[in-house]
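Let's take a walk through this structure together. Have the sequence and the 3D view handy as you read.

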Amino acid sequence: MSIRESVTRTIETKIDELQKSIDAEKAEADRKMAEAENQRAKADIQDEFRSHIETLQGKLDDAKKSLNDARDASADKLQELSNSLSSS
């Protein structure tokens, strides 16, 4: 497997994991919203989950950008990406 394939597969796996985390957070927020007894509780739940989902979404966006970068990267840049993925 080439370094490009290795790097892109690693990033694609991370993207899948992040998307699953976002979906799970949204499902948990929906479950808690259904159980909430009043508007204030619902607002608190929305605030709690919005922040976490936005953080995950930012990481997902970064991973997608890294994937695009990896597809077009030079050999040196691929090695740099590979090293950064290995350390994270």
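## Getting started

Before we look at how the helices meet, here is what an axis is: a line fitted to C-alpha atoms, for helices over the stretch in contact, with angles running from 0 to 180 degrees between N-to-C directions. The helices themselves (H or I, at least four residues) are DSSP runs, numbered from the N terminus, as are strands (E, at least two).

Keep in mind that this is a predicted model, where local features need pLDDT of at least 70, side-chain atom pairs count only at pLDDT 80 or more, and totals for chains, interfaces and linings use all residues. Residues are numbered from 1 along each chain as its sequence is written, and side-chain values use heavy atoms, with hydrogens and water left out.

## Helix 1 meets helix 2

Helix 1 covers residues 3–35 and helix 2 covers residues 39–72; their axes come within 9 Å and cross at roughly 165 degrees. That makes the two helices roughly antiparallel. For the angle names, under 35 degrees is roughly parallel, over 145 roughly antiparallel, 65 to 115 roughly perpendicular, and the rest oblique.

What kinds of residues make up the contact of helix 1 with helix 2? By class, there are 15 nonpolar, 7 polar and 12 charged residues. Here Ala, Val, Leu, Ile, Met, Phe, Trp, Tyr, Cys and Pro count as nonpolar, Asp, Glu, Lys and Arg as charged, and the others, Gly among them, as polar.

Helix 1 passes helix 2 in a left-handed crossing. A crossing gets that name if the near helix is turned anticlockwise from the far one by less than a right angle, and it is right-handed if clockwise.

## Helix 3 and its two faces

Helix 3 runs over residues 75–87, so to speak a stretch of 13 residues, and spans 19 Å from its first C-alpha to its last, close to the 18 Å expected at 1.5 Å a residue. The expected span is 1.5 Å times one less than the number of residues.

Which residues of helix 3 are buried? They are Leu78, Leu81 and Ser82. Buried means under 20% relative accessible area, exposed over 50%, and partly exposed in between (1.4 Å probe, protein chains only). On the face turned away from the buried side, helix 3 carries the exposed residues Asp76 and Ser87.

Helix 3 also packs with helix 1, at an angle of about 40 degrees and with the axes 10 Å apart. The pair is therefore oblique, and the crossing is left-handed.

Start in helix 1 with Thr8, which counts as buried at 12% relative accessibility. Lys20, also placed in helix 1, is exposed, with a relative accessible area of 63%. Lys32 is found in helix 1 too, and is partly exposed at 27%.

Now hop to Lys42: its C-alpha is 8.1 Å from that of Lys32, with the two 10 residues apart in sequence. Over in helix 2 sits Asp61, partly exposed at 40% relative accessibility. Asp61 and Glu80 are 19 residues apart along the chain, and their C-alpha atoms are separated by 19 Å.
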